[in-house]
Amino acid sequence: MDAPIIRGKVFATVVPELTPGSEHDLTLTIDVPDDLVAYGFRLSFSTPGLRERWHEGDGEWARLLLASECRPQSRDALLSMLDQRIEDAFRATADTLPDLITALLPPDERTEGAARLPTVHLIGHAHLDVEWLWNWEQAKRAAKAVCARAAELLAANPELRFSLSQSAVYDMLRQEEPALLALIRDLVDAGRWEPVTTTWVELDMNVPNTESIVRQLTAGQRFSERVLGTRPRVCVSADTFGHPVGLPALLTGAGCTAYFHTRCHPLPEHGGPAYRWTGPDGSEVIGVVTDAYDGELLASRIAEAAVQARRSGLETGLLFFDIDGHSGEEVQEALRRLAGWTVDQGLPPVRYSTLQEFVGTLAHQELPSFSGRPPTIFEATYTTQVVAKQVIHQAETALQEVEALTCMAGVDRRDALAEAWRCLQFWQNHDTAAGTAVRSVYERLAADFEAWQRAVGEIRDGVTRQLTGSTDADVTVVNPAPWARHEWVVIDDAQTGGGRGADVVASPAGRRHPVQRSEDGIGFLAQLAPWSVTEYRLEDGGMTEVEAQPMPLEWSEQGSTEVFVGEENRKEYFAVRNQYFSLLMRGDSGSLVSLVMRDGNRELVSYGTKRRTTFSNTARPELGLNVLQIIRERPHAMSAWHLHEVFSEESLIHTGRTSWLEQGPLRVVLRTEHTVGATTIVQDMTVYRDLPRIDVRLAVDWQEPSGNDHGVASLKVACAPDLPRATVHAAAAAGVVDHPANGQEFPMQRWVDVSDGSHGIAIIAGDRHGYDALGPRVRVSLVRGSYDPVRDADVGRHVFGYSLLPHAGTWREAELPLLAEQLARRPVVRRPSVAAEHDTVPGTHRRLPTLDTTGPGLLTAVKWADSGDGLICRIVDWSGSGGPTSLAGVPEGAECWRVMLTEEPVERLQVDGGRLQLELGPWAVETVLLRSPTFAPDSRPGRA
């Protein structure tokens, strides 16, 4: 039989009776996994008499606090009397303490005002981390025990209520403990058990993208209605490490009215348990916050909750208390004590309650308001266990791509994709995604993701085959996105059979594009229409002068150049020039020490190469662009969570060697190889003739030591452009944030930009989420080697990429949200002859709706409706300015609805001439449902 899993306290009798002179031996065995840095534990001994005395003292202290709060005019006198009798207080016993309190605080003063104190809502709760210092298998055992104990306590205490979050926990009970779930369902129907299950798990709010948060809300709400018979309105993220600025829009779009959390109170000076949170789009939810999601049910905590509410001007207070432990005996004891507390004894009115009931009491109350950036906490979690972040990003991108492909092909794979989403949603648990779980969690994640990729890849390949069908073209490129694009694609050599010496590709329209051979295959710049399937043929014969581009790609190596006096300061430089910019890379660093924009010759690097001074030529390459840095923090506890006291910053400006990896008419690739101790970094930087960005791919074998002897080491990439009056902006869920450039680490989604309004540079990194800015210098965190709770986290090989985008104007004028979305969703390249044996029919291809490219809208998701027929289109305002936009390609006679994020209809919309006109508010997130035979899947394999 498995040993019991205890999430909270163990309250157990170890010696039934104590007698003078008796001796007892106690052996306690605690199983600590080999890969866990143990946080220690506290062992306390007591007796029933000692506990009674302690709780009596706790109750009297509560009465003193409340009397002092209700009668501030007598506070000084009360403190003076207590000071005079302090020795009596220390010598007091359970028998004499009440008399002492009566002397200090007569009964009439004790009860005065108590009835006017705020009513404290007591919410029984258990915070179950589905993964943290344990894995899911262990968490399941704990969850079953907690739910069974809670049900027993509810049966024994008719007034008690209980709240528990996370649909994933209830789904586990549905599969493994159906009788227990049936009992819980009866308690839900009776109003005794509150499932606050708006999301699948209590997710991390910094790593998942906007669509992932939407799907968390959708999955939670649908499960709640189908299995639990309820529709929760309070979203619970008790332990998440921060809250995205656009969250109110997503919550209200899913029917939520309130958001409960314990970290990052946005109004700490107010300190009350509730506030009104207005998002940048104008959406509003009630924020509910406490300083803990667990703890004992004590008189002192009740008194503090009443005082906090009273000082905040509220009529109701809030206290969460933990329903957990080994046997529930401690909770039952607390419930018995509470039954004897009354207002006549000077305590505030209390009631067992639920989150929804507490929120209901706030509707008519005046609450403080908050809008803007929520504060942050545990900034290291934006990067720690970076592989987990990479898995989540790849899974998000793959699912949105495959959903769009199924709509293009008109096939139904909703059941399989829903299961894939549930896997991803589980991985987004706040401790797993944040990087603060134990090693076994990430070992399981790696194995699960490998199987997940195979399953989703099979769906993707099958749908792509159906789209492309049988063809005699050499290659087919599918654009699974609603925008036209020019994008670099590569035909694998294994698919081309050597390419037959081709030097151009031709489209069906006869347009010819030059190609370039590389170690990866044959590459070219494809011009793709929205939702398109484009066939290309490989040809030889070269480009004509008319077809050739007027602005060639130029490159050169400048040999050895002195940057300071002395032979050791002679450096090699590599120069590249295209139609957008010219750059200079320093060979021993791989950093850009000069980048000149072609529109006005604006130099973005101030001091990267030598500048003439009154004494000597000098250079500061560490002030360039794309500077790799190793940052070291002093040793500290909770290193996966905290970014703490940086004592060393080493710029890798003399540790590398650079050479040409690829040179051609369409792109050049420069490879820089760094060796720093046992760590190796291989950087491939690609510059294109006809694209305005610079792509960087890093292969890092991270071997930097971390631990109590070394501290924490991390790898960052820095850009320090010459933009002294610049501002910094970063993408967030459903918004863009202008974080202060004060050197602090902040979260980002896909990109961060620094611009002075005239020019700027962005770092686009889909699977990296932490950045800092100090003045105009911006750094993105790439790898971070924490050691607690996992030793040597992120040690090993990592392969990832990012892009640098120098641009004119601001982030809006550069349309960074659109570009980042495009980079995340790559074209699908397929060589039909590889799978010709499976292709027996021509490809089927449906043209899906597109958005007006001149408006502020971005079509971020296209998918089949979760139930019934119809096409869901998710449209966001990416600009923060709002304005009109139109959805084109709507079939004649289509039924069109504005729906909630969870797809319930809100209002019927009119279509005019195949276009749906929409007026988007700033940062709006709109969901549209289109019903038409054109937008219905042809077949439904596997659906119930």
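**Reading a predicted model: what the terms rest on**

Me: Which residue of β22 does valine 596 stand opposite?
Reply: Valine 596 stands opposite glutamate 603 in β22. The model is a predicted one.

Me: What makes β21 and β22 a pair of strands?
Reply: Two strands pair if at least two bridges are found between them. Strand β21 and strand β22 (residues 602-603) have two bridges and run in the antiparallel sense, so by that rule they pair. They form a hairpin with four residues between the strands, where glycine 600 takes a positive phi near 100°.

Me: How many bridges join β21 to β20?
Reply: Strand β20 (residues 581-586) and β21 are joined by five bridges and run antiparallel. Leucine 584 in this pairing stands opposite serine 594 in β21.

Me: Why is β21 called largely enclosed?
Reply: Six of the six residues of strand β21 (residues 592-597) are buried, so the strand is largely enclosed by the rest of the structure. Buried here stands for under 20% relative accessible area.

Me: Why does phenylalanine 162 count as buried?
Reply: The cut-off is under 20% relative accessible area. Phenylalanine 162 has 0% relative accessibility and therefore counts as buried. Tryptophan 193, with a relative accessible area of 2%, is buried too.

Me: How many aromatic pairs are there?
Reply: The count comes to 18 aromatic pairs. One of them joins phenylalanine 162 and tryptophan 193.

Me: What makes the pair of phenylalanine 162 and tryptophan 193 edge-to-face?
Reply: Ring centres must lie within 6.5 Å for a pair, and planes over 60 degrees apart count as edge-to-face. The two rings are 4.7 Å apart, centre to centre, with 80° between their planes. Both conditions hold, so the pair is edge-to-face. Phenylalanine 162 lies in strand β2 (residues 162-165) and tryptophan 193 in strand β3 (residues 193-196), so the pair ties together parts that are 31 residues apart in sequence.

Me: Why is the pair of tryptophan 811 and tryptophan 923 called stacked?
Reply: Planes under 30 degrees apart count as stacked. The ring centres of tryptophan 811 and tryptophan 923 are 6.3 Å apart and the planes stand at 15°, so the pair is stacked. Tryptophan 811 is in the loop between β37 (796-808) and α19 (816-824), and tryptophan 923 in the loop between β45 (915-920) and β46 (925-931), 112 residues apart. Both tryptophans are buried.

Me: How do you know that the charged end of arginine 768 sits over the ring of phenylalanine 800?
Reply: The charged atom has to be within 6 Å of the ring centre and within 35 degrees of the ring normal. The charged end of arginine 768 is 3.9 Å from the centre of the phenylalanine 800 ring and is listed as sitting over it.

Me: Which strands stand at the edges of the nine-stranded sheet?
Reply: This open sheet has the order β25-β26-β27-β28-β37-β34-β33-β30-β31, with antiparallel pairing. The strands β25 (656-663) and β31 (735-737) stand at the edges, each with a single partner strand, so one side of each is left without a neighbour in the sheet. On average, neighbouring strands of this sheet are turned by 20° against each other, direction ignored. Within it, strand β34 (residues 759-765) pairs with β37 over six bridges in the antiparallel sense, and glycine 760 stands opposite histidine 807 in β37.

Me: Is aspartate 794 buried or exposed?
Reply: Aspartate 794 has a relative accessible area of 5% and is therefore buried. Aspartate 794 lies in the loop between β36 and β37 and has a positive phi of about 70° although it is not a glycine.

Me: Why is methionine 638 called partly exposed?
Reply: Partly exposed falls between the buried limit of 20% and the exposed limit of 50%. Methionine 638 has a relative accessible area of 27%, so it is partly exposed.

Note on methods. Residues are numbered from 1 along each chain as its sequence is written. This is a predicted model: local features need pLDDT of at least 70, side-chain atom pairs count only at pLDDT 80 or more; totals for chains, interfaces and linings use all residues. Side-chain values use heavy atoms; hydrogens and water are left out. Rings of Phe, Tyr and Trp (its six-membered ring) pair if their centres lie within 6.5 Å; planes under 30 degrees apart count as stacked, over 60 as edge-to-face and the rest as tilted. Buried means under 20% relative accessible area, exposed over 50%, partly exposed in between (1.4 Å probe, protein chains only). Axes are lines fitted to C-alpha atoms, for helices over the stretch in contact, and angles run from 0 to 180 degrees between N-to-C directions.
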